[in-house]
Amino acid sequence: MEGVDYFEHDADIGVIGCGSSIGQAFERAAAAMFAVMTDLATVQRSVQVAFYFEEADLELALVIWLNRLLAEARARGLIFGHFQLRRDGDNWHGTAWGEPWRSDLEHGVEVKGATLTMLSVREREGQWEARCIVDV
């Protein structure tokens with residue numbers, strides 16, 4: 001997947017999302033996180049979930065975004081495979097598309113949550129990078 005990467009960590013998994021905007025980097029970090037759990041190419045867009053949160057700190061916004069996605073997916077019995085995030089100052093408007101877990105979906109490693117460990121959101125030469133450790 002374009003703009004998605006991983007980095008080594010002893011017990012957990014480091015996810016990285018890169019993009020031309022902060023929203024795109026966060027979307028790709030979400031894709032990296034959910035790709036640990038299943039093959040995103042097989043996830044259908046049959047359910048849409050939208051939500052809002054407020055956060056001024058970019059790094060904390062990344063953790064909130066990722067954990068909110070996990071919480072919404074768990075509460076609804078869904079797996080997400082497609083993401084959109086729009087930032088308006090301190091206000092963030094997120095949407096995720098996915099479907100209920102089905103038996104023929106690949107079940108990879110369960111992600112329990114995004115952490116503050118090695119958390120980083122930065123812009124360099126017009127490209128945004130969002131990274132953190134996810135607890136598996």
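Modeller: Let us begin with burial: a residue counts as buried when its relative accessible area is under 20%, as exposed when that area is over 50%, and as partly exposed in between. Please keep in mind that this is a predicted model.

Colleague: Is Phe26 buried or exposed by that rule?

Modeller: Phe26 has a relative accessible area of 0%, so this residue is buried. Trp92 also counts as buried because its relative accessibility is 0%.

Colleague: How many aromatic pairs does the structure hold?

Modeller: Rings form a pair if their centres lie within 6.5 Å, and planes under 30 degrees apart count as stacked, whereas those over 60 degrees apart count as edge-to-face. The structure holds five such pairs. One of them joins Phe26 and Trp92, with 5.3 Å from centre to centre and 0 degrees between the planes, and is therefore stacked.

Colleague: Which parts of the chain does the pair of Phe26 and Trp92 tie together?

Modeller: Phe26 belongs to helix α1 (residues 22-35) and Trp92 to strand β5 (residues 91-100), so the pair ties together parts that are 66 residues apart in sequence. Phe26 and Trp92 also form one aromatic cluster with Phe53.

Colleague: What is the arrangement of Phe34 and Phe80?

Modeller: Phe34 and Phe80 make an edge-to-face pair, with 65 degrees between the planes and 5.8 Å from centre to centre. This pair links distant parts of the chain, since Phe34 is in helix α1 and Phe80 in strand β4 (residues 78-88), 46 residues apart. Phe34 counts as buried at 1% relative accessibility, and Phe80 is buried at 0%.

Colleague: Where does the charged end of Arg45 sit?

Modeller: The charged end of Arg45 is placed over the ring of Trp97, 5.8 Å from the centre of that ring.

Colleague: Which residues make the nonpolar surface patch?

Modeller: Leu60, Ile64 and Leu116 make this patch of about 240 Å². Residues in a patch must have over 30% relative accessible area. Leu60, in helix α2 (residues 58-76), has 36% relative accessibility and so counts as partly exposed.

Colleague: Which residues does Ser120 touch, not counting residues up to four places away in sequence?

Modeller: With those sequence neighbours left out, Ser120 touches Glu59, Leu62, Glu129, Ala130 and Arg131. Ser120 lies in strand β7 (residues 120-124), and its 15% relative accessibility means that Ser120 counts as buried.

Conventions
Residues are numbered from 1 along each chain as its sequence is written. This is a predicted model: local features need pLDDT of at least 70, side-chain atom pairs count only at pLDDT 80 or more; totals for chains, interfaces and linings use all residues. Side-chain values use heavy atoms; hydrogens and water are left out. Patches are made of residues with over 30% relative accessible area and no salt bridge: like charges are joined within 9 Å, nonpolar side chains (Val, Leu, Ile, Met, Phe, Trp, Tyr) within 5 Å. Accessible areas come from the Shrake-Rupley method with a 1.4 Å probe; for residues, only the protein chains shown count as cover. A salt bridge is a side-chain nitrogen of Lys or Arg within 4 Å of a carboxyl oxygen of Asp or Glu. Helices (H or I, at least four residues) and strands (E, at least two) are DSSP runs, numbered from the N terminus. Buried means under 20% relative accessible area, exposed over 50%, partly exposed in between (1.4 Å probe, protein chains only). Rings of Phe, Tyr and Trp (its six-membered ring) pair if their centres lie within 6.5 Å; planes under 30 degrees apart count as stacked, over 60 as edge-to-face and the rest as tilted. A charge sits over a ring if NZ of Lys or CZ of Arg is within 6 Å of the ring centre and within 35 degrees of the ring normal. Contact means heavy atoms within 4.5 Å.
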